[in-house]
Amino acid sequence: MPSTYADASFLVSLYLRDRNSAAAASLVQKPRLALPLTSLQRHELRNALRLAVFRTREAPVPVTELDARNALAQIDADLLTGNLVDVALPWTETMAEAERLGKGYTMTLGVRGMDLLNVAAAVATKAQVFLTFDGRQTALAKAAGLQVRP
């Protein structure tokens with residue numbers, strides 16, 4: 001698979017059970033895909049896992065503190081084994097691209113700041129494929145010229 005960027009919606013589905021977990025797992029398993037992980041992705045993913053515990057009252061499948069701790073430990077393990085690869089994020093280029101994308105698409109697509117940052121990070125790290133289950137990020141990533149999966 002060409003160079004890839006996975007947003008938090010995709011990564012959370014890899015580390016917690018949800019309706020998209022099977023699709024996420026199938027995309028990274030055949031062949032085993034090592035996913036890049038920037039500081040932005042790491043922050044958003046870790047916080048999303050913790051937030052899932054808070055939101056568990058509204059979730060169809062409750063997420064316990066143990067589930068979140070296990071997922072956080074699995075991220076660290078995947079960084080050690082190479083399933084996730086730490087990638088430096090060129091922040092200056094990312095912020096410039098986020099502003100360009102925001103200027104061009106926020107008023108028409110209704111994208112949020114984190115959507116802009118993730119797609120801009122994908123562009124700045126030279127990704128060709130954007131993995132997401134988020135509709136707004138799908139539209140923005142396509143507008144930015146990225147292939148979107150799933």
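**Fold and nonpolar cores of the predicted chain**

Among contacts in the chain between residues at least 6 apart in sequence, 65% join residues at least 24 apart; contact means heavy atoms within 4.5 Å. The model is predicted: local features need pLDDT of at least 70 and side-chain atom pairs count only at pLDDT 80 or more, while totals for chains, interfaces and linings use all residues. Residues are numbered from 1 along each chain as its sequence is written, and side-chain values use heavy atoms, with hydrogens and water left out.

Seven helices and five strands make up the secondary structure of the chain. Helices (H or I, at least four residues) and strands (E, at least two) are DSSP runs, numbered from the N terminus. From the N terminus on, their order is β-α-α-β-α-α-β-α-α-β-α-β. The radius of gyration, taken over C-alpha atoms, is 15 Å, close to the 15 Å that the globule rule gives for 150 residues, so the chain is as compact as a globular protein of that length. The rule is 2.2 Å times the number of residues to the power 0.38. Along the principal axes, the C-alpha atoms fill a box of roughly 40 × 35 × 25 Å.

Of the 150 residues, 40% count as buried. Buried means under 20% relative accessible area, exposed over 50%, and partly exposed in between (1.4 Å probe, protein chains only). The chain exposes about 8,200 Å², of which carbon and sulfur atoms supply 56%. Areas come from the Shrake-Rupley method with a 1.4 Å probe; for residues, only the protein chains shown count as cover.

The largest nonpolar core holds 22 residues. Such a core is a set of buried Ala, Val, Leu, Ile, Met, Phe, Trp, Tyr and Cys residues joined through side-chain atoms within 4.5 Å. F10, L35, L49 and I75 touch the most other members. Two or more residues each come from α1 (8-15), α2 (21-29), β2 (35-37), α3 (39-54), α4 (65-81) and β4 (129-131). Helix α1 gives the largest share, four residues. Leaving aside residues up to four places away in sequence, I75 touches Y15, L37, L45, R46, L49 and L84. A second, separate core has 18 residues, including Y5, L117, A121 and L140.

L51 lies in helix α3. This leucine is partly exposed, with a relative accessible area of 32%. L51 and A68 are 17 residues apart in sequence; their C-alpha atoms are 9.1 Å apart in space.
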